Amino acid sequence: MSRFSVVISGWPAVGKTTMASELAKEFRLVTYNGGDILKMLAHEKGYSSATSREDWWDTPEAKKFMAERKRDPSFDKQVDKRLEQILKKENAVITSYTLPWLVKDESIIKFWLKGSPKNRASRMANRDGITVKEAEKIVSLRDAENVKIYRNLYGFSFGEDLSVFDYALNTDRLSLDALIEVSKLIVRRQVGR
């Protein structure tokens, strides 16, 4: 398989970005993140710090943007259209909540990462320098929002219908190093490298 891309989906704070980064390095692919494109759209709408802060999603400004996003589903559809265009033009690793359900292409390897809310909150707390209790609240809120947003927007059951994925990996059972190693092996075997 000469042309290929990888799309990684899963619950918030499950390790998608880390896995994407490592796969991109290993296979010399460009990485794209649905959240970063959504932040670019927020910035274009006048949310000033959207593209300058890693933890922007947890700020009051982001919460205001999320309220606007809920009222206007075109934000999510714009993100998905931009990511779909990227998949048509180049080999990439993309983290996205929605693309696995929206894009049907045999040259795309689709991963679902699952993990318990407890472990994801712990990962988020370490990553963002917040307490585990704060992270648990954020994880719970984001999980519920994702299910609702994507059911309303596209009609699929986020986190329930995994039939669109080629592989599902449980990040509670794999260390980060093992997750990276397994995902590299899967991609290598699938693309013949």
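1. Which strands does helix 4 (residues 74-89) lie across, and at about what angle does helix 4 run to strand 3? In this predicted model, helix 4 lies across strand 1, strand 2, strand 3 and strand 4. The angle between helix 4 and strand 3 is about 160 degrees. The points below take up the overall fold, the sheet, and then the helix pairs.

2. Overall fold. The protein chain contains 8 helices and 5 strands, which follow one another along the sequence as β-α-β-α-α-α-β-α-β-α-α-β-α. Its radius of gyration is 16 Å, close to the 16 Å given by the globule rule for 193 residues, so the chain is as compact as a globular protein of that length. Along the principal axes, the C-alpha atoms of the protein chain fill a box of roughly 45 × 35 × 30 Å.

3. The 5 strands of the open sheet are arranged in the order 2-3-1-4-5, and their pairing is parallel. Strand 2 (30-33) and strand 5 (167-170) each have a single partner strand and stand at the edges, so one side of each lacks a neighbour in the sheet. On average, neighbouring strands of this sheet are turned by 20 degrees against each other, direction ignored.

4. The pairing of strand 2. Strand 2 and strand 3 (residues 92-95) run parallel and are joined by 4 bridges. Within strand 3, T95 is the residue that stands opposite N33.

5. Helix 1 on the sheet. Helix 1 packs on the sheet and touches strand 1 (5-10), strand 2, strand 3 and strand 4 (108-114). The direction of helix 1 makes about 165 degrees with that of strand 1.

6. Helix 1 with helix 8. The axes of helix 1 (residues 16-27) and helix 8 (residues 176-191) come within 10 Å, with a crossing angle of roughly 45 degrees. The two helices are therefore oblique to each other, and the crossing of helix 1 and helix 8 is right-handed. From helix 1, T18, M19, E22, L23, E26 and F27 take part in the contact; they meet L176, L179, I180, S183, K184, V187 and R188 in helix 8. By class, the residues of this contact comprise 7 nonpolar, 2 polar and 4 charged.

7. Helix 2 with helix 4. The axes of helix 2 (residues 34-44) and helix 4 come within 9 Å and cross at roughly 125 degrees, which makes helix 2 oblique to helix 4. Helix 2 passes helix 4 in a right-handed crossing. Helix 2 contributes G34, I37, L38, M40, L41 and E44 to the contact, while helix 4 contributes F75, Q78, V79, R82, L83 and I86. The residues of the contact of helix 2 with helix 4 divide into 8 nonpolar, 2 polar and 2 charged.

8. Helix 4 with helix 7. The axes of helix 4 and helix 7 (residues 132-154) come within 11 Å, and the crossing angle is roughly 80 degrees. Helix 4 and helix 7 are therefore roughly perpendicular to each other. On the helix 4 side the contact is made by D76, K77 and D80, and on the helix 7 side by I149, Y150, L153 and Y154. The residues of the contact of helix 4 with helix 7 divide into 4 nonpolar, no polar and 3 charged.

Technical notes. Residues are numbered from 1 along each chain as its sequence is written. This is a predicted model: local features need pLDDT of at least 70, side-chain atom pairs count only at pLDDT 80 or more; totals for chains, interfaces and linings use all residues. Side-chain values use heavy atoms; hydrogens and water are left out. Axes are lines fitted to C-alpha atoms, for helices over the stretch in contact, and angles run from 0 to 180 degrees between N-to-C directions. Angles under 35 degrees count as roughly parallel, over 145 as roughly antiparallel, 65 to 115 as roughly perpendicular and the rest as oblique. A crossing is left-handed if the near helix is turned anticlockwise from the far one by less than a right angle, and right-handed if clockwise. Contact means heavy atoms within 4.5 Å. Ala, Val, Leu, Ile, Met, Phe, Trp, Tyr, Cys and Pro count as nonpolar, Asp, Glu, Lys and Arg as charged, and the others, Gly among them, as polar. Two strands pair if DSSP finds at least two bridges between them. The radius of gyration is taken over C-alpha atoms; the globule rule is 2.2 Å times the number of residues to the power 0.38.
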